[in-house]
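Subject: Structure for you to look over

Hello,

Here is the structure I promised to pass on. Please open it alongside this note. My findings follow below.

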Amino acid sequence: MAHWLVRVRTTEEIDGKLKGRTEAYIVNVETIEESQRRVHDYFRGMTVDYEIRSTGKTGIVGYIDGTGKAIE
C-alpha cells in the first residue's frame, strides 16, 4: 500500500457568499486512481462542491492510530 496526499478544493455558500478552501486528505491505497475514487466516494451525497486539485505519493511509511497500533 502507498499513502497518497489528495488535495481537494471545496466551495460552499455561507451567509450568501461562496467560500472556498483547500483541504488535504491522506489515502492509503495501491494506486493514484484508487485514491481519487476513494475521495469521490467520501464526498458523494454531500452538499459541498469539490474538485480534486492534485494527487501525489507522500513520504509517509505508516501511521499510529489513537489506540497506539502502528498501521502500514
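Contact here means heavy atoms within 4.5 Å. By that rule, Val-8 touches Arg-21, Thr-22, Glu-23, Tyr-25, Val-39, Phe-43, Tyr-50, Glu-51, Ile-52 and Arg-53, leaving aside residues up to four places away in sequence. Keep in mind that this is a predicted model.

The sheet

Three strands make an open sheet. Their order is β2-β1-β3, and the pairing is antiparallel. The edges are β2 and β3, and each of these pairs on one side only. Strand β3 covers residues 49–57. From one strand to the next, the twist averages 20°.

Strand β1 spans residues 2–14 and is joined to β2 by 13 bridges. Leu-5 stands opposite Ile-26 in β2. Arg-9 has Thr-22 of β2 as its bridge partner.

The hairpin of β1 and β2 has two residues between the strands. Asp-15 in this hairpin takes a positive phi, near 55°.

On the β3 side, eight bridges join β1 to β3, and these strands also run antiparallel. Arg-7 stands opposite Ser-54 in β3.

The helix

Helix α1 lies across β1, β2 and β3. It runs at about 130° to β2.

The core

Which residues make up the largest nonpolar core? There are ten: Ala-2, Trp-4, Val-6, Val-8, Val-27, Val-29, Val-39, Phe-43, Val-48 and Ile-52. The elements that give two or more residues to this core are β1, β2 and α1. Strand β1 gives the most, with four residues. As background, nonpolar side chains tend to be buried together in soluble globular proteins.

Phe-43 is one of the core residues. At 4% relative accessibility, Phe-43 counts as buried, because the cut-off for buried is under 20%. Val-8 is another core residue, and Val-8 touches both Val-39 and Phe-43.

The aromatic residues

How many aromatic pairs does a search of the whole structure find? It finds four. Take Tyr-25 and Tyr-42. Their ring centres are 5.6 Å apart and their planes meet at 55°, so this pair is tilted. Tyr-25 sits in strand β2 (residues 17–29) and Tyr-42 in helix α1 (residues 32–43), so the pair ties together parts that are 17 residues apart in sequence.

Are these two tyrosines buried, exposed or partly exposed? Tyr-25 has 22% relative accessibility and counts as partly exposed. Tyr-42 has 47% and also counts as partly exposed.

Tyr-25, Tyr-42, Phe-43 and Tyr-50 form one aromatic cluster. Phe-43 belongs to this cluster and also to the largest nonpolar core. Val-8 touches Tyr-25, Phe-43 and Tyr-50 among its contacts.

Then turn to the aromatic cluster of Tyr-25, Tyr-42, Phe-43 and Tyr-50.

Best wishes

Definitions and conventions:
Residues numbered from 1 in each chain as written. Predicted model: local features only at pLDDT ≥ 70, side-chain atom pairs only at ≥ 80, totals over all residues. Heavy atoms only, no water. Phe/Tyr/Trp six-rings, centres within 6.5 Å; stacked < 30°, edge-to-face > 60°. Buried < 20%, exposed > 50% of the residue type's maximum accessible area, 1.4 Å probe, protein only. Pairing = 2+ DSSP bridges. Axes fitted to C-alpha atoms, helices over the stretch in contact; angles between N-to-C directions. Core = buried A, V, L, I, M, F, W, Y, C linked by side-chain atoms within 4.5 Å.
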